[in-house]
Amino acid sequence: MSDPTIRSVELESAEALRLLGGVSLGRVVFTRQALPTIRPVNHLLVDGDIVIRTHGDAALTRYTGHAGGDGAVVAYEADDIDPLTHLGWSVVVTGYARLVTDLRELARYQALLRSWSTQSMDHAVRIRPDLVTGLRLTAPD
C-alpha cells in the first residue's frame, strides 16, 4: 500500500545522473547462468559513465570480459531514501558494461575509487548509460 503523503516525481536524465554521482554506493544487476544477479558496489561517475572496481574471479568481471560488440547489458541502481520519512530519490541506469583494458585508464580508476572490499580489486568495469530513469519521493505541496 502506498503512502498517500508522498508524491513521486520523475527526474530528468541529467538530474538523475547528478544525484547518482553524489553517492558512492549502488547495486549492479547482470545475468549469471541466465538469471538476474545483484551485487552491491561502490562507484564513481566519470564523463557520464559509471565505473566500478571488481576482482578477477568476480562473476561480473567474467560476464563483461566475455561480452562482444557494445558490451554486456547491465542495470545499475542507486538511491538515497530516508528510512523514517521515506523521502528521497532512486535512479536506475540501463546500459552496456565493458571491462576496462587500457592500463592507464585502469590505474586512474584505481587511484580515484577506493574499494571497500578486502579483496584485491585489480579490474574495473565501465557502464555506458543508455536509459536513465529516476524518481524523487517528496512530501505533497
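First, a caution: the model is predicted.

Let's start with the layout. The protein has three helices and seven strands. Along the sequence they run β-α-β-β-β-α-β-β-α-β.

Now the dimensions. The C-alpha atoms fill a box of roughly 50 × 35 × 25 Å along the principal axes. What about the radius of gyration? The protein has 16 Å. For 141 residues, a compact globule would have a value near 14 Å, so the two agree.

Next, contacts. Take pairs of residues at least 6 apart in sequence: 72% of their contacts join residues at least 24 apart.

On to the inside. Buried residues account for 37% of the 141. Which residues have the most contacts inside the largest nonpolar core? They are V28, I52, Y76, V91, V93 and I127, in a core of 22 residues. Where does this core draw its residues from? Two helices, α1 (13-21) and α2 (59-65), each supply at least two. So do the strands β2 (25-32), β4 (49-54), β5 (72-81), β6 (88-99) and β7 (123-138).

The accessible surface comes to about 8,400 Å². Carbon and sulfur atoms hold 55% of that surface. As for charge, there are 14 positive and 17 negative side chains. The centres of the two sets lie 7 Å apart.

That's the tour. Over to you.

Conventions. Residues are numbered from 1 along each chain as its sequence is written. This is a predicted model: local features need pLDDT of at least 70, side-chain atom pairs count only at pLDDT 80 or more; totals for chains, interfaces and linings use all residues. Side-chain values use heavy atoms; hydrogens and water are left out. A nonpolar core is a set of buried Ala, Val, Leu, Ile, Met, Phe, Trp, Tyr and Cys residues joined through side-chain atoms within 4.5 Å. Buried means under 20% relative accessible area, exposed over 50%, partly exposed in between (1.4 Å probe, protein chains only). Helices (H or I, at least four residues) and strands (E, at least two) are DSSP runs, numbered from the N terminus. The radius of gyration is taken over C-alpha atoms; the globule rule is 2.2 Å times the number of residues to the power 0.38. Contact means heavy atoms within 4.5 Å. Accessible areas come from the Shrake-Rupley method with a 1.4 Å probe; for residues, only the protein chains shown count as cover. Lys and Arg count as positive and Asp and Glu as negative; His and the chain ends are not counted. The place of a charge is taken as NZ of Lys, CZ of Arg, CG of Asp or CD of Glu.
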